[in-house]
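User: I'd like to go through the labels used for this model and hear what stands behind each one. Can you take them in turn?

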Amino acid sequence: MAAVLSHPIWRRLAAVPPAYWVFALLLLTLWIARPNMLNPNVLGIFVRQVVPLGILVLGQLLVMRVRSIDLSGGGVILLINYIITSRTFPEASGLTFIAMALAIGGVVGLLNGYMVAKRRVSAVIVTLAVSIILVGLVQFLSSGKPPGDVPKYMNEFFDIKYGPLPLPVLFWLGCTGLMWLVMQHSVYGRYVEAVGESAEAAAFSGVPVERTVVLAHMLAGLIAAVAALVQTGSIAVGSVRVGLDLPILAVAATILGGVVFGRGEGGVWGPFFGVLSFALLFVVMTVFGIDDAGKLIAQGLIILMAAILYGARAKRG
Amino acid sequence: MTQWFKSGFSARRSRQGLWGVPMVIAVVLAVVLAFGTDQFATRENLFNLIAQAMPLLIAAIGQLFVILVGGLDLSVGSVISFSTAILSLDGPAAVLIPAVFVLAGLVGLINGLVITRLNVHPIIATLAMQYILLGITRILRPVSGGTVPDIVIAAVQGSMLGVPLPLFWGLIAAGLAAKVLYGSRFGLHLFGIGGGVAAGMEEAARTYGIRVGRNIVLAYVACALFAALAGAFLAGRIVSGDPNVGLLFELDAITAAAIGGTQLSGGVGSLHGTVLGAIVLALLANGMNLANVSPFVQTAIKGGLLLAIVGLQSRKKMGL
């Protein structure tokens, strides 16, 4: 067994983030069970649904690579969705909404980053507490009732298609590409990698560790704001529950993509395929008539398997 | 004694954490409520307060075990829901009640083994467990319903010599935890392991001959067992099984432990602090209910309190 495991071919294969395996497996399953589902138009619609998650993942992978976590995305999405749909600002144009969303995301991210990096508070606790506060605030403002309609132009943007490719999917691809550039070719990307490997060693090498972490959280907040705008465009009526499970799913997709706390072999495209896997997973489970309970179990098992695969490798390497 | 008392107010010197702050908050809250409102100091309200506080108290004590070793258990809420679902199945009490604890122990065992043997981060391992257990619970009991064995209901809703029985649940849980944490080798080792983890020296405890992996697994088992106890209590209170009753309970449990001065990096924390933390949360909820504060604002205030209190406790480690 050990000989098989240490064989170069196996090691090469095991280095591929689990997301690619899961994605290929699900695609194969779908191809065998329902070949007619595999046309670009149908898949485009399914993939379009996970774009908010896909964008949120970009922030999550950034903070996870500096050994932190951001669970406040749900609160940010909820608050921005509420502001846009509640007509609190009836005069506001699309650009004003975008500015407001980015301001909210930036401030929340800055607060997270300050608390995590400067005050050294547990990131799980900080971002959860921030999320709890934001959710409570929105539910209080709306008295728990759904706010109002999403402005028409936002839905129209979301529905634009170029051939089989929906605009949100292209936007997601663009964002992911941008993130890839930042991680791969910028000084900041190097800093992130260094802090993730070892914050202590990075500090001794002159990397501004605290600033790197604060900036990571702030970027994650801004990215959550972008995800919120896309999410709002994807629904017709505002809701007080929208996006609450997204941060947890984002963590799951990131791990599936081969990025775990402090380590990032999966890069940016691993988590990208992690999100695509979740999109396919929902399709496959719907095709096979698996109910909500089964979906929860399958999600849990997938997170667990991905983490075990990575955990086992971390120990060997 | 005075030394020990002073240490409760200093985040730097104490291994017990900043437990003096929640104590002051609890006393102030109780005094304000007693003098500020007519309803607080009534028999019904105090009975109610105790019954509301107990499941949180019990779950928070369980959470303390894993936080002490630098872990975190996000599956607590799902274990609670799962326990109520098991108890509401058809069957004799003599089978159902042991089954709840055996199954919860198994859940804790799996959590612990996945974390220690398979080297998975506690947040991820227990998150996955949460999903799986929620799924199983929904299969067992898709919507709330069923009946709970009479003995469980009687043990929760009755009173003895004018003292409500729920108080005994809390006393038994706290007594058990005190014995384990402060009166056994296992408890001492938990503090030892956590102290090393918090200082960035995971190997420290091992070099002193502590069996790190085994103790961490046992901490997760203990956490799940306390969660099951909280679940049994809740089942007796709502008299049925409910797949959603434990929703977000793990967060309240973590909040209580954190308010009580337990540091999430491990090694620092205390049982009395955690109990005080749970009491603060219960008093806060009770007081705001009496003052007719919207439940949504209550949620926000709880989050703000958590943020403020953990902000007071500086530590060396950055990140999770």
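Analyst: What follows is a set of labels, each set against its definition. This is a predicted model, where local features need pLDDT of at least 70, side-chain atom pairs count only at pLDDT 80 or more, and totals for chains, interfaces and linings use all residues. Residues are numbered from 1 along each chain as its sequence is written, while chains are lettered from A and ligands numbered from 1 in the order in which they are written.

User: Why are α4(B) and α6(B) called roughly parallel?

Analyst: Helix α4 (residues 76–87) of chain B packs on helix α6 (residues 122–140) of chain B at an angle of about 20 degrees, with the axes 9 Å apart. Helices here are DSSP runs (H or I, at least four residues), numbered from the N terminus. Axes are lines fitted to C-alpha atoms over the stretch in contact, and angles run from 0 to 180 degrees between N-to-C directions. Angles under 35 degrees count as roughly parallel, over 145 as roughly antiparallel, 65 to 115 as roughly perpendicular and the rest as oblique. So α4(B) and α6(B) get the roughly parallel label.

User: Which residues make that contact, and what makes a residue in it nonpolar, polar or charged?

Analyst: On α4(B) they are S78(B), V79(B), S81(B), F82(B) and A85(B), and α6(B) brings Q130(B), L133(B), L134(B), I136(B), T137(B) and L140(B). Contact calls for C-beta atoms, placed from the backbone, within 7 Å. As for class, Ala, Val, Leu, Ile, Met, Phe, Trp, Tyr, Cys and Pro are nonpolar, Asp, Glu, Lys and Arg are charged, and the others, Gly among them, are polar. That gives seven nonpolar, four polar and no charged residues between α4(B) and α6(B).

User: What is the handedness of the crossing of α3(B) and α13(B)?

Analyst: Helix α3 (residues 43–68) and helix α13 (residues 271–290) of chain B pack at about 145 degrees, axes 9 Å apart, and α3(B) passes α13(B) in a right-handed crossing. A crossing is left-handed if the near helix is turned anticlockwise from the far one by less than a right angle, and right-handed if clockwise. The contact of α3(B) with α13(B) holds 14 nonpolar, four polar and no charged residues.

User: How do you know that α8(A) is largely enclosed?

Analyst: A residue is buried if 20 or more other C-beta atoms lie within 10 Å of its own, exposed if 12 or fewer, and partly exposed in between. In α8(A), 16 of the 20 residues are buried, so the rest of the structure largely encloses this helix. Just after α8(A), S143(A) takes a positive phi of about 50 degrees.

User: Why is N292(B) exposed but N119(B) partly exposed?

Analyst: N292(B) has 6 C-beta neighbours inside 10 Å, so it counts as exposed. N119(B) has 17, which means partly exposed. N292(B) sits in the loop between α13 and α14 of chain B, and N119(B) in the loop between α5 (93–116) and α6 of chain B. Phi is positive in both non-glycine residues, near 60 degrees for N292(B) and about 60 degrees for N119(B).

User: And what makes F47(B) partly exposed?

Analyst: F47(B), in helix α3 of chain B, has 15 C-beta neighbours inside 10 Å, so it counts as partly exposed.

Terms used. Helix = DSSP H or I, 4+ residues; strand = E, 2+ residues; numbered from the N terminus. Contact = placed C-beta atoms within 7 Å.
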